[in-house]
Amino acid sequence: MKRFILLSALAALPLCMLAQSRPIPAGTTVSETALFEREYPRVDAEHRGYFCVYAPKAQEVYLELQGRHEMEKDADGWWYCTTKPLVVGPHFYHFMVDGIQVTDINTDTYCGSYGRSSMIEIPEGPEGDYYRPHDVPHGQIRSVVYWSEFEKRYRRCMVYTPAEYETRPSQRYPVLYLQHGMCEDETGWGKQGKANHILDNLIAAGQCKPMIVVMDSGNCGIPFRPKPGQDANKAREAFGATFPLILVQDIIPFIDKEFRTLSDRDHRAMAGLSWGGHQTFETTLRNIDKFSHIGSFSGAIFLGPGAKVSEIYDGVFADPASFNKQVHALFMGMGTAEGMGSERISKMLNDAGIHCTYYASPGTAHEWLTWRRCLREFLPMLFKD
């Protein structure tokens, strides 16, 4: 009876706790994305990733991480692979098990890469300290539910409050509305973006103002693709187009009511990455009376070479002097290894007399390391006296 009970208990253990025939590779460490006491995924000093998955009856298993990586099966049913060196920063991945896409039970899941994905972090050196937690006062990220009158349903946003928010009950704060990209949600900036650590560190160093940061779902959590027979340009215009209305009509009034905000336009900013950058321009430039700081990180801004700066976005740039007086910071950034057009558009604006700051993240592509760096560059520009 005791032997039966023991075997039953072993059968109920998670797969990660069952014996593996392979020793842990020497010179490797567990990725920071791994769940509690898991041994995989791992990273070595050469920035190679090490992965395993238990699938004893599978015939074909491979890893999808910026391409296909074949996996090797051992006698106990574990599949393993080691990648070539990866660039630093976070990488989404999943396994393909006999044609079925599965996430890794060893890691947390992240909203990115066109759905819920696993992620491995290839650590930077000291240059990445700006997004790591330090021995400084830490703010909070709160999960906040509110009613959207526009959608007639409850929604959720994530709200960062600075460390001093709890200890200075009479103090009011400026607000940054910070948006994710396509196929992501309101959790992205807090989880893979590490926005709270970036803010904590900059605030503690006196490099940016204490502020409230609101991260909401931009209604663009699925891949953009026109339906059969649908005009691609019209489909693109409609994709996530409800969010600017929800932000202005529902979210901003709610945040100003529930939190101690400075609710005038001089203390309100908006920024977003990729499609969130597109939504930022669509929101702020058509509501210039409500925003005074604007940021686009690898923004999906669709301006052809023949576009006239004086005519786009309802003519908001037609009077450069007036725009520059109203908008205290206009920022565009992207990675040097991507081609989102931010540098070209920034030059168009500056040539037209619009003050626009451009930032190039060295060596990075359309990825979270680019957007972490953009946020670090953008925050010190906000709410200056």
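**Close-up views of a predicted model**

**View 1. Strand E15 is covered on both of its faces.** In this predicted model, Ile-212, Val-214 and Asp-216 lie on one side of E15 and Val-213 and Met-215 on the other, and all are buried.

**View 2. Strand E15 pairs with both E13 and E14.** Let's look at the two partners in turn. E13 runs antiparallel to E15, and four bridges join them; here Tyr-160 stands opposite Val-213 in E15. E14 pairs with E15 in the parallel sense, over three bridges, and Val-175 stands opposite Ile-212 in E15.

**View 3. Helix H5 has a kink at Ile-251.** The helix covers residues 243-258, and its kink of about 35° comes shortly before the proline Pro-253. Ile-251 is itself buried, as are other H5 residues including Phe-243, Leu-247, Asp-250 and Phe-254. The buried residues of H5 pack against several elements, among them strand E15 (212-216), strand E12 (140-148), strand E16 (268-273) and helix H6 (275-284).

**View 4. Five strands form an open sheet.** Follow the strands across in the order E1-E2-E3-E7-E6, with antiparallel pairing. Strand E1 (28-30) and strand E6 (72-73) are the edge strands, each pairing on one side only. Inside this order, strand E3 (residues 49-54) and strand E7 (residues 78-82) run antiparallel and are joined by five bridges. For a handy landmark, find Tyr-54, which stands opposite Trp-78 in E7.

Conventions: Residues are numbered from 1 along each chain as its sequence is written. This is a predicted model: local features need pLDDT of at least 70, side-chain atom pairs count only at pLDDT 80 or more; totals for chains, interfaces and linings use all residues. Side-chain values use heavy atoms; hydrogens and water are left out. The bend at a residue is the angle between axes fitted to the seven residues ending there and the seven starting there. Helices (H or I, at least four residues) and strands (E, at least two) are DSSP runs, numbered from the N terminus. Buried means under 20% relative accessible area, exposed over 50%, partly exposed in between (1.4 Å probe, protein chains only). Contact means heavy atoms within 4.5 Å. Two strands pair if DSSP finds at least two bridges between them.
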